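Please read the following note alongside the sequence and the model.

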Amino acid sequence: MLTPWLQGDATPVHEARVLTEGGSLARIVLDGQVYTLRITRQGKLILTK
């Protein structure tokens, strides 16, 4: 379980490696549009349409 960085902040926190199920890619859908979340080899996140 993740602890939010700021106490009292109601913003949801999601672990990127959980979203990608241990891989490097996840698809995220928003209003019918599909986006790709990618974890790079350097450990950075890229979100593309």
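1. Helices and strands here are DSSP runs, numbered from the N terminus, where a helix (H or I) has at least four residues and a strand (E) at least two. The model is a predicted one, in which local features need pLDDT of at least 70 and side-chain atom pairs count only at pLDDT 80 or more, while totals for chains, interfaces and linings use all residues. Residues are numbered from 1 along each chain as its sequence is written, and side-chain values use heavy atoms, with hydrogens and water left out.

2. The secondary structure amounts to one helix and three strands, and along the sequence these elements follow the pattern α-β-β-β. Of the 49 residues in the protein, 14% are buried, a class that takes in relative accessible areas under 20%, with exposed set at over 50% and partly exposed in between (1.4 Å probe, protein chains only). The protein exposes about 4,600 Å², of which carbon and sulfur atoms supply 55%; these areas come from the Shrake-Rupley method with a 1.4 Å probe, and for residues only the protein chains shown count as cover.

3. As to contacts (heavy atoms within 4.5 Å), residues 24 or more positions apart account for 2% of those in the protein that have a separation of 6 or more.

4. The three strands form an open sheet in the order E1-E2-E3, with antiparallel pairing, where two strands pair if DSSP finds at least two bridges between them. Strand E1 (25–30) and strand E3 (45–48) are at the edges, each with a single partner strand, so one side of each has no neighbour in the sheet. On average, and with direction ignored, neighbouring strands of this sheet are turned by 25 degrees against each other; the axes behind such angles are lines fitted to C-alpha atoms, for helices over the stretch in contact, and angles run from 0 to 180 degrees between N-to-C directions.

5. How many bridges join E1 and E2? There are six, in the antiparallel sense, and within this pairing Val29 has Val34 in E2 as its bridge partner. E1 and E2 form a hairpin with two residues between them, and Asp31 in the turn has a positive phi of about 50 degrees. Strand E2 (residues 33–39) is also joined to E3 by four bridges, again antiparallel, and Ile39 stands opposite Leu45 in E3.

6. Thr36 belongs to strand E2 and is buried, at a relative accessible area of 13%. Its neighbours within four places in sequence aside, Thr36 is in contact with Leu25, Ala26, Arg27, Ile46, Leu47 and Thr48. The side chains of Thr36 and Arg27 make a polar contact (2.7 Å), that is, a pair of N or O atoms within 3.5 Å, where within protein one must be able to donate a hydrogen and the other to accept it, and residues adjacent in sequence count only if both atoms are side-chain atoms.

7. Ala26, in strand E1, counts as buried at 9% relative accessibility. With neighbours within four places in sequence left aside, the contacts of Ala26 are Leu19, Thr20, Tyr35, Thr36 and Leu37. The C-alpha atoms of Ala26 and Ala16, ten residues apart along the chain, are 8.8 Å from each other.

8. Gly23 sits in the loop between helix H1 (16–19) and E1. Is Gly23 buried or partly exposed? Gly23 is partly exposed, with a relative accessible area of 31%, and the C-alpha atoms of Gly23 and Ile39, 16 residues apart along the chain, are separated by 8.2 Å.
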